[in-house]
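Hello,

Here is the structure I promised to pass on. My notes follow below it.

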There are 4 protein chains.
Amino acid sequence: MKSAIIGGTGYGAVELVRLLDKHPNIELVKVISNSQSGTDIQDVYPHLSNILNIQLSELNIQSLCEEVDVVFFATPAGVSKEYIPELHKQGVKCIDLSGDFRLKNPQNYETWYGKSSAETTYLEKATYGLSEIYGDDIKNSEIIANPGCYPTAALLGLIPAINNKMIDPKTIIIDGKSGVSGAGRGVSLNTHYSEINENLKAYKLGQHQHIPEIEQAIEWSAAAVAAASANHAELESIPVSFSTHLTPMTRGIMCTMYAQLTDPSSATVSAFIEHYESFYESHPFVRIRPEGTWPSTKEVSGSNYCDIGFQVDARTGRVTIVSVIDNLMKGAAGQAVQNLNLMNGWDVQMGLTDIPMYP
Amino acid sequence: MKSAIIGGTGYGAVELVRLLDKHPNIELVKVISNSQSGTDIQDVYPHLSNILNIQLSELNIQSLCEEVDVVFFATPAGVSKEYIPELHKQGVKCIDLSGDFRLKNPQNYETWYGKSSAETTYLEKATYGLSEIYGDDIKNSEIIANPGCYPTAALLGLIPAINNKMIDPKTIIIDGKSGVSGAGRGVSLNTHYSEINENLKAYKLGQHQHIPEIEQAIEWSAAAVAAASANHAELESIPVSFSTHLTPMTRGIMCTMYAQLTDPSSATVSAFIEHYESFYESHPFVRIRPEGTWPSTKEVSGSNYCDIGFQVDARTGRVTIVSVIDNLMKGAAGQAVQNLNLMNGWDVQMGLTDIPMYP
Amino acid sequence: MKSAIIGGTGYGAVELVRLLDKHPNIELVKVISNSQSGTDIQDVYPHLSNILNIQLSELNIQSLCEEVDVVFFATPAGVSKEYIPELHKQGVKCIDLSGDFRLKNPQNYETWYGKSSAETTYLEKATYGLSEIYGDDIKNSEIIANPGCYPTAALLGLIPAINNKMIDPKTIIIDGKSGVSGAGRGVSLNTHYSEINENLKAYKLGQHQHIPEIEQAIEWSAAAVAAASANHAELESIPVSFSTHLTPMTRGIMCTMYAQLTDPSSATVSAFIEHYESFYESHPFVRIRPEGTWPSTKEVSGSNYCDIGFQVDARTGRVTIVSVIDNLMKGAAGQAVQNLNLMNGWDVQMGLTDIPMYP
Amino acid sequence: MKSAIIGGTGYGAVELVRLLDKHPNIELVKVISNSQSGTDIQDVYPHLSNILNIQLSELNIQSLCEEVDVVFFATPAGVSKEYIPELHKQGVKCIDLSGDFRLKNPQNYETWYGKSSAETTYLEKATYGLSEIYGDDIKNSEIIANPGCYPTAALLGLIPAINNKMIDPKTIIIDGKSGVSGAGRGVSLNTHYSEINENLKAYKLGQHQHIPEIEQAIEWSAAAVAAASANHAELESIPVSFSTHLTPMTRGIMCTMYAQLTDPSSATVSAFIEHYESFYESHPFVRIRPEGTWPSTKEVSGSNYCDIGFQVDARTGRVTIVSVIDNLMKGAAGQAVQNLNLMNGWDVQMGLTDIPMYP
């Protein structure tokens, strides 16, 4: 299968390059960057010297459709929605790492991204690619809206508990902490070394564009629970508190999440562990930590794992769920490859078997 | 006034050395370290070379009482409670940076610290030294239980809102994040560079010994509010959710705190700002951030400031309060000097006027 | 005395602000930034909130001359040379942290900086402000060319050995390593957090504009030695090897320097220590390390110290000299204030007594 | 082929685990750690959870000989020399990541390591495993002394120039800079986070045990050159200056090396590049940088590459050579696997094709 990456000079793209290069069923034939077309990729990223012989090229949709079977978009918001309809018409599969097709309600996109949304027809065709949760839909989809980094960490940690009615979804608070690579390669004072090193910053409190994405999936889960237990399946709005912090490290996201237990008197850490292990039994990339231990971001660095640990507090009637991923892997390029595997019926771990790099 | 530091080779002690050296009203005459007595302090801390000419000495309570007017304890839990009674009897003021005298309920100390508590008589004599909140008591006290680093950041951010009934104290969730110097200078795998660098770790979830300290002050505030508005002043137990995270930086603590607004329909960030600015009007070390901005730890590094910012979310009915300090300064040595100033009726900023070191 | 800073939003300027604020003999009345004039400095640097009440202003030479006695330039190359002549004519003292007046040979400036040089008259009036070495000239000067950060660390480590003929100046190799704040606050891919963190980069090998500055002072010393011992004082060109490396930290410069011993058979570390301690006896900011220990950058962080250590290797006939400074302090703002003290006959440590911030 | 690792809880070992797990021709059947035998490896290294099902076991040489074909030693100095003779007698191949078999002269080992040397017979049987240089010997050897991290970076950068008589080996100065993982997982104040973060330290100047290892290979090369050009092949002692620095990062080593050019008037960077590219033509893990650029450690992170760049300075008659590796990969586990491939006649890149992890 032949593939192309659009947006070829960002960190998401270069992580895709690293993964596709070792994927046995995929050939990477084109890396597209309008801003640097004509340049050898190793001049932009010297770590690729002597490994890849790729010249960055300009986007030409028509020739792209002839050359490749699947396209990865690693572009800023507002780009993929312009090109995916045409690619889709011509039979090219699309995996979009940007936010353009994630929100089913166009108004939400317009509110949180400040841009006009993708066409509704294509929003409907696109599948929200949280691999472990929506795998069945992903298998039958040709457009994947690859989830954001924070939503991936948050939702993998929350959905099993919501589905099993262990927590009250209306009480969810998510304290997110990210490494700096999530902000991309574009220079700014907010990613300037001397401003970020030896510093911890809160940013975009209550304003992050990942909020509606997280809420949308929580609402789907809550509606499914309600539909199963009663007679209505209507979506109900479930706002969450979501705070984001910039941490002085390159890779890694941790979401520390708090929610009221539905049954505080009987809830235990071991019950959470047992439920989550069962829920993710056939999903090798989610690992559940033993009682009394919690994950750290370095333990998943460079890999597609999501590690989850719990604390149940009888005093407060709340559970604390800690979920970590590598934001460039499970939070971006890794999950994109996982979705590619799912779409093609390949082993979900194909090309993704690397052990985390530690230390 | 003459002073001594006990526990002279830890980071809290060496920060005290830095501050006392420039304090106009204090002379540092002794630095005590039983483990390294006889060694020149500059052999333990070469950054002090050519500045201080102090040899670490062994603890001798009797000679200490004759030589100094005030003693700072920068010792692990369980040490100061052995010596403060005798020092107090002999008229020496004590400022204890450890947790030995913070919890008024001895049972709490025994539960969370796993040691026998200080004598009740001395627990009662000791004043909890959160300078901005308990300044009047501190002025009249001769034993100060200097607060923990997390509690200082958390409580300065929460108490004004509790006092003014802006939040429901029973809904408080505190997500704490700390630099590594808070763990001290003792070596361990948890502070080993290659394990911590480029890593973010959750630790001691729901188990940190700062939990009862935070709850105690919240309960005092809530009881005062209840006493004022009704007819009972009894302390009610108010458990909080408190999580701690180790961040790859040396200095700094941030607490991101969540609570239900008592009046969600009318709450605004500007109302919080206005109340906090008024509350801290005569307290120069607390700075309130303008709407839409939040503090970062580097902005207080090396200084005694505590910076606080807010986000009010009408969607969830919650406020998010972000509070940052330098854990070795306002979270330890800086507040200890501030308390020394208060105890002596000196200007509260004496010896503490340094501008944060940025970048 | 009243002072102004020109170039007010860079790191050198904000470090000057920190120092001048606590200097007993100086009042800072103006911070000039054409690009951000009208903005409150605390909006650019929130760590200054509630401390300084300064609005950035536009440069107006005439009104400046009326208002202040001394001006600090913390500007990029090419700016100060336009304004210092006029300020000087009107009796305002100038301390220039840029490179405009450092090189006595205008051709050198033009070659290494790629710009036209300052006027020769003013180059001659300006004194190269390496405080410990040229203090007598500095005292009588009204224009100070404050040295570069690398040259300060390198020259303080080399000059005593050259002066005492302990090393052959023609064999000097300087391996320089710097923190990222030396690159300033201007954003670029070279100072982008994710590119620099967990990375060590060699840059500008043999091309750094500090090379002619280091060579100039070495040539002066070598010529003085030659003049003393023989009959010629002519300057001889003495090229040095100088390499620069970007280290993943904010502050700090280390120069590791190698040179052939003039008398390998009898040279010892203790002879170097003895000579350097004597050379710097009346210079409190230079500290010599005991045999078998070498300095580290954190041991001078936030202070004006330069720490120096030695290794003498009989096997190779070479000495290794390690010299460290805080690049924003002794390498920029700290030495500028030291020079201000010298120019005014004040205690050289005035306003500079801070203990290094450790850890 | 079946393999075991001895010394299973250090960083070298865990990096070997990462590599052997994906090596197509090797099965890892045993990880030995006397100190933690009986523990699951994932309890020591949680990042291995759900990936490897290995219990650490105690060393039993006899059963080891029956179970495995090759043993990797990732042990401190002094361990492998006790066991390799017996393993070798029983036909087990040994790759030793420690220093026990690197120095051919037992006296050197005793001087620099302070321990008694391995038996001379086995020192002679062991091949110094610098893969690109001694590949022919490695192919025919059954005991490999895997090189140290600093010597690997230094020698790959120096040997081609020595062999081609481009530099005078008696003038070599090596300024080495290492990440902290090179110090291993054993805790100490020198690897304590708060001491190392935001700090750059010079250590063991002129005393590092890698000095005789570097000199030995330089002397071999110089002797070969002498033998070819004249009539004597006797080893001549060639002392080098070698300084080591601890850099605030986990992985990575850079050696910046200086030497006198043998022909300064005609030497050029492009001549160096041309010679090195030709020298390493059939060696895929060494990459030569284009003129005007130099490598950085992150560009090889997680990979087995060694990247090299040059600066030729006509002014000083010296060349500067910059060489970088990942100390745990090409400087330890990666080169060990490369040597395993060479010993077995497999593709030298087998199991080592990972692209560096960037950023």
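The side chains of A:Glu15 and A:Arg251 form a salt bridge, 2.9 Å from N to O (a side-chain nitrogen of Lys or Arg within 4 Å of a carboxyl oxygen of Asp or Glu). Two salt bridges are counted between domain 1 of chain A and domain 2 of chain A. On the side of domain 1 that touches domain 2, six residues are nonpolar, three polar and four charged.

This is a predicted model: local features need pLDDT of at least 70, side-chain atom pairs count only at pLDDT 80 or more, and totals for chains, interfaces and linings use all residues. Residues are numbered from 1 along each chain as its sequence is written, chains are lettered from A and ligands numbered from 1 in the order written, and side-chain values use heavy atoms, without hydrogens and water.

In chain A, domain 1 covers 2-125 and domain 2 covers 150-326, by an automatic or database domain assignment. Between these domains of chain A, about 1100 Å² is buried, and carbon and sulfur atoms give 55% of that (accessible area, 1.4 Å probe, that two parts lose on being put together, summed over both). A:Tyr11, A:Arg102 and A:Trp112 supply 50% of the area that domain 1 buries against domain 2.

Now the copies. A rotation of 180° with 0.0 Å of shift along its axis superposes chain B on chain A, RMSD 0.0 Å (least squares on C-alpha atoms of residues with pLDDT of at least 70 in both). The C-alpha of B:Pro248 is the nearest to the axis in chain B, at 3.2 Å.

Best wishes

How values were computed: Nonpolar A, V, L, I, M, F, W, Y, C, P; charged D, E, K, R; others polar.
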